[in-house]
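I opened my notebook to look up how the chains of this model meet. I also wanted to see how a chain is divided.

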4 protein chains.
Amino acid sequence: MKKIQLTLVQIDNYGPWTVTPVHRREADLQTLQAELFADLERLFAAREGLVFYTRFDNMLAISNGIDLDAHRAIQTSIHNRYPITVSMGIGAAETPYEAQSLATRALQQAGSSRSVERRGVIAGNGVGQPDENWVQIAHMDINHASLMTDKRPIYDTHVLLQQTHLLLMKALSQRRALVFYTGGDNFMAPSNGVDTRELQAVMDEVQQTLGIELKAGVGAGPTAELAARLASQGLREIREGKTSERVVFKTS
Amino acid sequence: MKKIQLTLVQIDNYGPWTVTPVHRREADLQTLQAELFADLERLFAAREGLVFYTRFDNMLAISNGIDLDAHRAIQTSIHNRYPITVSMGIGAAETPYEAQSLATRALQQAGSSRSVERRGVIAGNGVGQPDENWVQIAHMDINHASLMTDKRPIYDTHVLLQQTHLLLMKALSQRRALVFYTGGDNFMAPSNGVDTRELQAVMDEVQQTLGIELKAGVGAGPTAELAARLASQGLREIREGKTSERVVFKTS
Amino acid sequence: MKKIQLTLVQIDNYGPWTVTPVHRREADLQTLQAELFADLERLFAAREGLVFYTRFDNMLAISNGIDLDAHRAIQTSIHNRYPITVSMGIGAAETPYEAQSLATRALQQAGSSRSVERRGVIAGNGVGQPDENWVQIAHMDINHASLMTDKRPIYDTHVLLQQTHLLLMKALSQRRALVFYTGGDNFMAPSNGVDTRELQAVMDEVQQTLGIELKAGVGAGPTAELAARLASQGLREIREGKTSERVVFKTS
Amino acid sequence: MKKIQLTLVQIDNYGPWTVTPVHRREADLQTLQAELFADLERLFAAREGLVFYTRFDNMLAISNGIDLDAHRAIQTSIHNRYPITVSMGIGAAETPYEAQSLATRALQQAGSSRSVERRGVIAGNGVGQPDENWVQIAHMDINHASLMTDKRPIYDTHVLLQQTHLLLMKALSQRRALVFYTGGDNFMAPSNGVDTRELQAVMDEVQQTLGIELKAGVGAGPTAELAARLASQGLREIREGKTSERVVFKTS
């Protein structure tokens, strides 16, 4: 049975830390959060994973092929270089939604995100058999003209992107898929089990509701790295006019 | 006349760069974007400004007190250390919405975000008289219990935060204020001219619609640094039970 | 009386921290040290200072024009984002050697570098009167041909650079000046009071002893930023053949 | 035959870049160099290698177990995030000196460090057979008392560390070993083939010449990561008084 493996990386007791002894300077917190995400991205990516910044205090990573020892090595590197610690919950399932749910539950059972006692835990279970690893990612972007970055006030396009994100979240949740905003006009959806027809239906809904035209490259393979690369190749074929489809699917 | 000054920092011709000659590795782009934001945050914060990551390829900074030479120094430091260049549009107005609109227009008139010719431009006008500088920031956070990070799957709280963000965006736009998600359960709203009563009305709407309870510290002063610090002090008074209000206002 | 102001930034109790509870991974320590230096460089440079990496656990900064509040802001930003704390000693004097000596003594009197009690101290005194600020920097580089990076094994040129560094240290110490290796074939010497003739004598000694030909731009002004920029301009004039001198001096 | 594999990472045409079109701000160059080193350290360390900052524009990495594809992945990640490109030369030999010599020659044959045409090259050959990988690292540190950080001016200890470094370089070169300063009071010596007795002779020479007392943990194994960890364990045994030796040797 093919499974996607997700890791929830959660800063331990972060809320209270940010206000102890006084509220730490906001610019420092913003810098810290962005640096931590950039570091985790490098550490997971060096092992063919991919991290989404999500809430910054809680980040989700696609971690197929990354075992417990590698998770521990990543965690230790963060502990050696940051003033905070992180705990990790790992979950594997046929759908991304179920995988993140298992990852969350494993971590919740190890203690509260606000516990002073839970520090540096790693809980949960990954994919058991190597040949069960499977990641499908849909990389969607917005056709440049429809976002009108060069015409509207920038905040209006920012609002429009949030609306698009939220609509994608709702539509994909029904298919047990997740979607993350990855900056600019890009969204990435871990979407094992969602087929081309369903994805087109989601994109149609966005277009009809918001007037936003999306295109999607979908990649699938045993690691996030490979799935993301194949998804990009799919997007490129659409961009270069090699196909008239709005969704191109590539499997390793 | 008191004015907030906003700077739009836009990566020049970023979309095309990310796919030239082939689609660059997604993990590298995520790392690059987060590092660039962290660097801009440090560079503006060293001058008492504050940057929001917004879309990552377009970031908005509160820049009162930061003059053209300082903008140029920030820009040069980025050009010396990154493979991309950035352009900046500056706008100042009585309301944050108008300020970002002016900042955007100034930049759009200098050339398209996708032009290969527009590189490293700085356009627009800041606050003219030093004593006109004025920044009001509402720092809102969600009461821990109502988000249920320790009970729900993490993705569900992620969706809930996006819903909250979007609802805040809509409600505050009517008051010509902006709002940015700053990670965790935090939102920051540049909100010159919005009073306590209006803010409470916005928070009521969020609670009635989504069941999310917010509290807000509001700070105001001549720089983003000071406004943000006063806002944090307001939040702290609520947190420590020194007041039964959900909004505490502090002015320098 | 013109004075250079130096700040010694020292990681508190770093040695013991690196081996508690076990020896932390060397790659993490190397990354931490380099990131800390890069961050301090940005923080001092945003205020027109300049930091040298020196020993990495002890770094020296030229800090003219940077007052106690600014030092405190820099320190707090580090404390908010790193697992270690730093203490700072400030010294101002007519010569760089005397300034670092005063900075060191101020810090030593506040407690040992290995004390568990001394954390986040700032001690010592900077330049009293703004118009007393004065920084002279000699920026020296090696004529490309004489280093033979393209002919010798890289380690041999590395040894040669260390020899050059040490010889410069000895020769300049006699003039109460300091010199730091800044990477590549570059050295920067805070050198208030050292004149062109003396500098040429030092460079002659290096050439006669090691066969290494140096050239130097010397800049002087009220901040490190300005002195370094003028020094670079001096170097450029030599490089472009606008002068036959090996030392060009520029004063603001 | 057991071999150490070294990779020379060289910034392409860096000298000219730093002064084009004008001399780039020194603080930016220092930040860039430190960030680049920190990034390479993370990228090699994620694959069990270890990088030394060496000259910053030329860095040496122990890269046993890291194949050509991995080198290419590291290089691409740098190219995607920095304004400069890097070339790499790989060499493998029984002694570290010979390995860096081969790595250098491979790169030199691909073009000059100042060529505008040589960009992003990878040249040379690594260890052929996996079971030939062998790394020996001596991690030396200075007994705290003998450096007198808490008594002397900091610049004096900086000079003393450079003297120690240079003396170690000379003494170890005769044994075809390399030595890098890794900050604080630490030195790391890739030293395949150097035995305990030879190392003690080197340390004796340092003590007699400079009055500096060193101790050394020596680790050996198929990767830099493992060798460095074993070396640290050796150092720890000396520190904790579990042995009266000044050199402790650990093999995987």
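I started with what a contact is: two residues are in contact if their C-beta atoms, placed from the backbone, lie within 7 Å. I kept in mind that this is a predicted model.

**Entry 1: chain A and chain D.** I looked up the contact between these two chains. It takes four residues from chain A and four residues from chain D.

Next I asked how chain A can be laid on chain D. A turn of 180 degrees does it, with a shift of 0.0 Å along the axis. The RMSD is 0.0 Å. The two copies are thus related as by a two-fold rotation axis.

Which residue of chain A comes closest to the rotation axis? I found A:Ala46, with its C-alpha at 3.1 Å.

I then checked the interface residues. Of those in chain A, 100% are also interface residues in chain D, so the copies meet through the same surface.

**Entry 2: chain A and chain B.** Here I counted the residues on each side. The contact takes 53 residues from chain A and 53 residues from chain B.

Which elements of chain A give two or more residues to the side that touches chain B? I listed helix H1 (14-18), helix H2 (26-45), strand S3 (58-62), helix H4 (96-109), helix H6 (154-173) and helix H8 (224-239). H2(A) gives the most to this side of chain A, with twelve residues.

I also noted the kinds of residue. The side of chain A that touches chain B has 21 nonpolar, 23 polar and nine charged residues.

**Entry 3: inside chain A.** I turned to the domains. Chain A is divided into domain 1 (4-132) and domain 2 (135-251). Their C-alpha centres lie 25 Å apart. The contact between them takes 15 residues from domain 1 of chain A and 15 residues from domain 2 of chain A.

I looked at the domain 1 side of this contact. Strand S2 (50-52) and H4 of chain A each supply at least two residues there. Which element gives the most to the side of domain 1 of chain A that touches domain 2 of chain A? H4(A) does, with four residues. This side of domain 1 divides into six nonpolar, six polar and three charged residues.

**Last note.** I marked H4 of chain A in two entries. It is listed on the side of chain A that touches chain B, and H4(A) also gives residues to the side of domain 1 that touches domain 2.

Note on methods:
Residues are numbered from 1 along each chain as its sequence is written. Chains are lettered from A and ligands numbered from 1 in the order in which they are written. This is a predicted model: local features need pLDDT of at least 70, side-chain atom pairs count only at pLDDT 80 or more; totals for chains, interfaces and linings use all residues. Ala, Val, Leu, Ile, Met, Phe, Trp, Tyr, Cys and Pro count as nonpolar, Asp, Glu, Lys and Arg as charged, and the others, Gly among them, as polar. Copies are superposed by least squares on the C-alpha atoms of residues with pLDDT of at least 70 in both. Domain bounds come from an automatic or database domain assignment.
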